[in-house]
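This report describes a predicted model.

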Amino acid sequence: MDVQRKLEILADAAKYDASCASSGTEKRDSRDGKGLGSTAPGMGICHSYAPDGRCISLLKVLLTNACNYDCLYCVNRASSNVPRARFTVDEVVKLTIDFYRRNYIEGLFLSSGIIRSADYTMEQVVTVARKLREEHRFRGYIHLKTIPEADDALIAEAGKYADRLSINIEMPQEESLKAYAPEKDVRAIRRTMGRLRLKLDDAKEAKKAEVKSRVKAPRFAPAGQSTQMIVGADASSDQTILTTSANLYGSYNLKRVYYSAFSPIPDASRALPLRAPPLMREHRLYQADWLMRFYGFDTSEIVDQATPMLALDVDPKLAWALRHRDRFPLDIAKASREELLRVPGFGTKAVDRIIATRRLTSIRSADLARLHIPRNKALPFIILSDHRPQPKLLESATLAERFKPQAMQLGFDF
Amino acid sequence: MHIITLGSETDFEGWRKAARALALQGIAPRDVTWNVRGTDPELFDSRSDPLPENSQGGAFNVPAQFVEMAQTAILHRAPERFALLYRLLWRLRINHDLLSLATDPDVARIRDMAKAVRRDEHKMHAFVRFREIGRERNSHFVAWFEPDHHIVELAAPFFMRRFADMEWSILTPDLCAHWDGHALSFTSGVSRDEAPSEDRLEEFWRSYYTSIFNPARLKVKAMRAEMPKKYWRNLPEASLIKPLIASAARVSHSMIAAEATAPNKPQRREQPMARKSSSSDNLATLREEAADCRACPLWKDATQTVFGEGPAHAPIMLVGEQPGDKEDLAGKPFVGPAGQMLDRALKEAGIDRAKVYVTNAVKHFKFVPRGKIRLHQKPNTPEIRACRSWYERELAALNPTLVVAMGATAAQSVFGKITPIQKNRGRIVDLDDGRKALVTVHPSYLLRLPDADAKAREYEHFVADLKIAAKLLGASARAA
């Protein structure tokens with residue numbers, strides 16, 4: 001099989017992994033002329049976008065799509081009839097370098113089907129990274145999939161070469177994972193995430209002590225760890241999903257939890273709901289995830305036993321505001337940062353600018369556009385120096401209707 | 001009227017020098033016209049007052065943020081940027097806080113201009129596509145790019161840092177950047193025909209682009225927001241966009257409608273290791289069994305069961321409350337801050353930690369997540385009760401001389417009822433089964449004390465309690 005055909009098969013096999021981030025790692029470059037590549041620590045670079053709206057930042061491939069496991073939702077499950085292929089280590093290394101030199105990519109995202117054993121598979125994945133770093137002095141970004149239960153020494157080596165490591169939790173609850181992925185064990189996944197967390201913490205501590213001790217700290221995945229949950233393959237509610245996310249963020253200090261709307265796959269199992277992927281639901285989950293991480297919302301404020309699903313027609317912050325109208329209208333001149341962050345249409349940047357501006361002058365409704373705040377969304381909830389919503393508006397049963405025809409917000413930066 | 005002619009479209013130093021002199025002379029923004037050499041020749045004919053010499057050498061301060069923003073915004077293609085920047089400078093001398101006024105039209109405009117330049121730079125970093133001329137060692141990589149703003153000089157160092165080991169050129173209509181392995185240089189703009197039109201890897205890249213696209217989730221608007229059409233003509237993969245969109249619905253429907261195929265014969269799997277079954281409890285089998293414990297709901301949020309640890313015939317069994325954050329991650333008891341405190345105290349009391357068995361009354365970590373951390377929650381009575389059978393079986397398997405209960409939860413488990421610490425600590429108590437017990441505080445209690453004196457006092461008290469255990473142990477060792 002030629003390399004181009006392998007590339008087709010093994011990229012096709014990798015595309016259900018949503019993560020393509022290349023940000024948040026340490027600063028590296030090749031100004032010394034002895035290597036290739038650099039990182040963009042602040043903002044990752046998306047070198048292209050596919051018509052599915054997803055960023056293409058990394059060469060995202062599997063080393064092989066042969067797999068011992070038979071996870072129902074997975075295109076690569078053992079019982080599927082998709083064509084199989086396996087890259088040699090050198091083929092992946094060469095493709096990465098060739099693509100990188102042409103500025104197609106930020107680096108490599110390498111995953112693999114489980115072949116022979118966890119350790120054997122991890123060893124293969126690590127070998128590619130080792131070759132890139134040590135033989136080719138590649139300084140671009142590397143994301144490696146970590147195989148649960150792989151030997152500690154292999155994980156340490158993976159962290160030495162990779163910028164990011166990830167293990168997918170796959171399903172929001174254990175029951176679903178058991179039903180759909182009988183060979184996977186949620187506790188093995190969590191234990192490995194726990195091991196990664198300890199290693200990440202140790203590396204951070206060692207880094208802090210580096211100056212004092214003058215001993216170079218061993219490197220371990222400077223861009224941290226992430227995971228992915230499939231949405232819509234099982235019957236889990238958004239409440240279950242977000243509660244699991246909050247648990248994972250807190251327990252393993254994840255950089256990101258990715259939500260991947262379950263999508264029809266080639267040669268799919270009949271045991272799964274084969275329909276268009278729930279893209280809007282996925283989008284709302286990302287918004288809710290953002291509210292939890294950057295806007296001070298607790299999971300229970302976004303979803304609860306009474307409303308376990310996120311609304312699809314309005315975003316979760318607006319839905320929250322509509323449920324808590326007694327907290328509005330909010331006087332922008334006096335409100336605290338925490339309160340401002342809860343106003344529909346206010347982003348973190350807009351809030352910072354409002355706080356800086358209001359010290360010097362009053363804010364009028366004409367200013368909203370200059371603050372890049374959507375007028376129609378915000379005005380019913382705020383008091384400005386020249387604006388106060390009609391008292392009846394907030395009590396009106398039709399307030400929610402005003403927002404429903406709104407066009408969907410566009411994707412996030414992955 | 002003053003007419004200032006700058007050296008180039010990106011002549012920040014020229015602008016800065018002129019603006020400083022104008023401001024020092026008190027020349028209002030409306031009396032100044034800005035242009036760039038060679039772009040507006042007819043303006044040379046109009047009468048321009050001479051630029052005042054900056055004779056008094058005066059200077060004034062502007063916020064660093066302004067200089068930074070001006071350096072970026074000046075690269076914008078809008079001709080009015082020089083005048084706008086001078087107006088802002090003029091206004092900044094009166095109102096030093098002007099830039100914090102996000103609602104001011106001039107501030108909003110300059111901010112948007114700087115943002116547009118940054119975005120253009122970012123897109124150039126992303127969308128430049130090198131094509132190789134020649135092969136391997138003697139190759140030269142050449143790209144063609146059409147920026148919106150005057151960003152070639154701004155964006156070029158990024159490519160130098162990234163591709164320092166190869167020779168490359170980026171050609172644009174405005175300006176071309178070159179790297180020869182040693183230095184960056186710039187030459188004037190060229191036409192598109194000067195750039196190579198293909199590369200041997202593009203076929204692979206297009207294959208990758210096609211394969212990584214998921215036709216079941218078409219989001220064309222999202223793609224176009226980040227990769228506007230204006231860039232497509234210089235992206236080798238962009239010719240695929242239209243056909244991929246056109247066939248997406250068909251491909252994704254056929255995936256849904258396809259008949260299920262006969263499952264592929266599963267490949268040979270490694271058999272999971274068979275569990276060794278054992279009739280009698282020993283610590284190893286207990287540990288294995290406890291890993292699957294679901295006697296209470298705590299297993300659900302925790303990483304793993306944290307079972308006791310220590311030699312199989314340890315004479316002392318130390319019982320704590322429950323694993324904490326670190327213990328939950330590591331799967332070992334007392335490895336976090338409380339564990340370090342315990343280690344220190346044990347050493348001081350003359351007890352070797354390696355020779356004692358350490359466990360917890362509750363074997364899963366109970367917590368609530370708060371952002372990036374987990375807040376410890378006290379286990380309740382049903383949870384303590386549910387976990388008690390593990391303690392009992394551990395106790396039976398280990399058969400220690402002395403059990404040390406650290407803290408209220410441990411005491412509740414060891415005595416089978418709520419047992420106040422302060423009232424019972426510091427003396428050996430007989431248990432119903434003839435074993436001896438000692439009650440003391442939990443080391444994490446010491447960590448929580450805010451007052452350093454109290455902390456030192458309580459620590460001494462804790463060590464004193466442990467010395468009682470050491471003494472008893474010494475006595476029983478001699479007796480044996």
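In chain A, helix α2 (residues 89-101) packs against helix α3 (residues 118-135) at an angle of about 45 degrees, and their axes are 9 Å apart. Angles of 65 to 115 degrees count as roughly perpendicular and those under 35 degrees as roughly parallel, so α2(A) is oblique to α3(A). The crossing of α2(A) and α3(A) is right-handed.

On the side of α2(A), the contact is made by V89(A), V92(A), V93(A) and T96(A). The residues that α3(A) brings to this contact are T127(A), V128(A), K131(A) and L132(A). Sorted by class, the contact of α2(A) with α3(A) has 5 nonpolar, 2 polar and 1 charged residues.

The contact between the chains involves 78 residues from chain A and 73 residues from chain B. Several elements of chain B each supply at least two residues of the side that touches chain A, including α4 (105-127), α5 (152-162), α8 (241-257) and the strands β10 (367-370) and β11 (373-376). Helix α6(B) provides the largest share of that side, 8 residues. The classes of the residues on the side of chain B that touches chain A are tabulated below.

| Class, side of chain B that touches chain A | Count |
|---|---|
| nonpolar | 38 residues |
| polar | 16 residues |

Chain A is divided into domain 1, covering 3-167 + 184-227, and domain 2, covering 316-403. The C-alpha centres of domain 1 and domain 2 of chain A lie 42 Å apart.

Technical notes
Residues are numbered from 1 along each chain as its sequence is written. Chains are lettered from A and ligands numbered from 1 in the order in which they are written. This is a predicted model: local features need pLDDT of at least 70, side-chain atom pairs count only at pLDDT 80 or more; totals for chains, interfaces and linings use all residues. Axes are lines fitted to C-alpha atoms, for helices over the stretch in contact, and angles run from 0 to 180 degrees between N-to-C directions. Helices (H or I, at least four residues) and strands (E, at least two) are DSSP runs, numbered from the N terminus. Angles under 35 degrees count as roughly parallel, over 145 as roughly antiparallel, 65 to 115 as roughly perpendicular and the rest as oblique. A crossing is left-handed if the near helix is turned anticlockwise from the far one by less than a right angle, and right-handed if clockwise. Two residues are in contact if their C-beta atoms, placed from the backbone, lie within 7 Å. Ala, Val, Leu, Ile, Met, Phe, Trp, Tyr, Cys and Pro count as nonpolar, Asp, Glu, Lys and Arg as charged, and the others, Gly among them, as polar. Domain bounds come from an automatic or database domain assignment.
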